[in-house]
Every structure is written in C-alpha cells, then in structure tokens.
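Subject: Handing over a structure, with notes on its sheet

Dear colleague,

I am passing on the structure below for you to look at alongside your own calculations. My notes on one part of the fold follow after it.

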Amino acid sequence: MSEKLNKIRSYEEIQPLFFHGMCLMFGGFGGVGSPPSLIKCILEWGIRDLTIIGNDTGFPHIGIGQLIADNRVKKVIASHIGSNPIAGTLMSEGKLEVEFSPQGILAERIRAGGVGLKGILTDIGVDDPYLNKGKRVINLDGGSYLFESALTSQVGIVFAKKADPFGNLIYDKSARNTNPLVAMAADITIVEAEEIVETGELDPEEVVTSGVFVDHIVPSKGVDWKWIWE
C-alpha cells in the first residue's frame with residue numbers, strides 16, 4: 001500500500017510535528033473525546049508555550065487540562081474553563097491568556113476555518129461589551145452583526161473510535177463532539193484511533209470524517225476519561 005493510502009504512523013514518527021510556540025487544536029468535551037495518548041506524548045516531549053483551541057480546558061488531570069496544569073500553555077481559545085480550576089487561577093494571575101467564545105460560535109469559527117471561510121456573522125454578543133470588544137460590527141439588512149474570525153491551527157489532534165489506513169473515521173457517540181470540525185480546520189491532522197481496521201471494513205454510511213482530512217494515524221494506548229461522567 002502506498003504512503004498516500006497508508007497513514008498509520010508511530011508516535012516517534014509524528015514527534016517532529018510538535019514544537020514550542022505552536023498552535024494546537026484539539027477535539028473533546030470535558031476530556032471526553034480528547035486523544036489521551038497524544039496529550040501524554042506532548043507532555044513527555046516537553047512541548048511548551050502552546051496556543052490551544054478547543055471547546056474547554058478539560059480537567060487538571062484528564063484531557064487537555066494536563067497541559068495547562070503543567071504550565072505548557074500560554075493562550076486558550078475556548079467556550080469555558082470552569083472544569084479546570086488551575087486554568088481559572090492562571091488566568092486571574094495573568095499567566096494564561098484566555099479568549100472566550102460562545103460554544104456554538106466557537107464551533108462555527110472552527111468549521112469556517114475548515115471550509116476556507118474568513119469568518120462568520122452573528123448577532124450573539126453584538127450588545128455585550130465583553131463579547132464585542134475589538135470586533136467589527138457589520139450592518140446588514142437592517143441588523144447589526146459581529147464578525148467572528150475563522151479558526152485554524154498548525155496541528156489538530158483528534159480521537160476516533162475506528163479508523164482505516166487512509167484515515168476514514170468513525171466516532172463513538174458523544175465522544176464525537178468537536179472532533180470532525182477539528183479534523184477539517186488544521187494544517188496537519190493527527191488521529192489517535194482506538195481501533196484501526198483494514199481498508200474496506202468500515203461501513204461507508206457510518207464514516208463521519210473522510211480520510212482526505214487526515215494526515216497521520218496513531219494507535220491509541222488507551223483512554224482515561226470514560227469514568228468522568230459516571
């Protein structure tokens with residue numbers, strides 16, 4: 001199988017794709033659906049000064065929150081940080097820059113980045129001095145709208161239930177969350193797959209993310225977030 005069709009890699013092969021000061025987008029909601037093995041590798045590799053983009057900051061010991069707890073992150077773009085008290089403390093101390101974006105708007109900004117748009121228009125927050133601070137207000141058809149810029153990243157990390165060698169992906173229920181959007185919006189998309197199957201084994205009707213959006217696949221070493229909501 002050619003390299004273009006077989007994207008399965010070792011963790012050592014993808015390590016050079018991560019570097020200090022990079023912009024990293026991640027899938028996950030409260031840690032569920034975040035790629036745990038990739039996050040642990042980023043910690044082990046000592047990557048720091050990250051700008052991260054995702055729904056939230058997870059928990060201090062689970063999900064992307066581990067990077068924040070270890071002071072590896074300089075800026076967060078997220079919908080909330082409430083489940084990670086360390087993120088709140090660092091923000092209050094001026095050690096972590098946080099850009100809040102309402103959850104639906106955040107998802108649409110990522111989607112816009114994935115489909116090549118420059119941004120979206122929304123009336124959400126147009127009258128809120130915190131949400132509209134520094135943003136363009138556009139008048140259109142008698143209404144006022146905020147221009148919300150699209151979001152992209154240098155690398156996106158995604159978790160999938162199943163993947164084939166080309167990178168077609170199936171997700172597991174709510175662990176799907178923002179993963180399909182992240183897969184589209186990154187310059188380089190790396191998938192941590194719980195199971196890798198042979199080409200042709202996936203039901204095309206169940207595939208959510210096409211392999212055209214995926215650059216590299218690594219086998220998961222196991223998840224650490226299933227029990228959070230139990």
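Three strands, in the order β5-β7-β6, form an open sheet with antiparallel pairing, where strands are DSSP runs of E of at least two residues and helices runs of H or I of at least four, numbered from the N terminus, and two strands count as paired if DSSP finds at least two bridges between them. Because β5 and β6 stand at the edges with a single partner strand each, one side of each has no neighbour in the sheet. Neighbouring strands are turned by 35° against each other on average, direction ignored; axes are lines fitted to C-alpha atoms, for helices over the stretch in contact (heavy atoms within 4.5 Å), and angles run from 0 to 180 degrees between N-to-C directions.

The model is predicted, so that local features need pLDDT of at least 70 and side-chain atom pairs count only at pLDDT 80 or more, while totals for chains, interfaces and linings use all residues. Residues are numbered from 1 along each chain as its sequence is written, and side-chain values use heavy atoms, leaving out hydrogens and water.

Strand β5 (residues 119-122) is joined to β7 (residues 143-149) by four bridges, and threonine 122 has leucine 146 in β7 as its bridge partner. Four bridges also join β6 (residues 137-140) to β7, with isoleucine 138 opposite tyrosine 145. In the β6-β7 hairpin, which has two residues between the strands, aspartate 141 takes a positive phi near 50°. Helix α5 (residues 103-115) lies across β5 and β7, running at about 145° to β5.

Best regards
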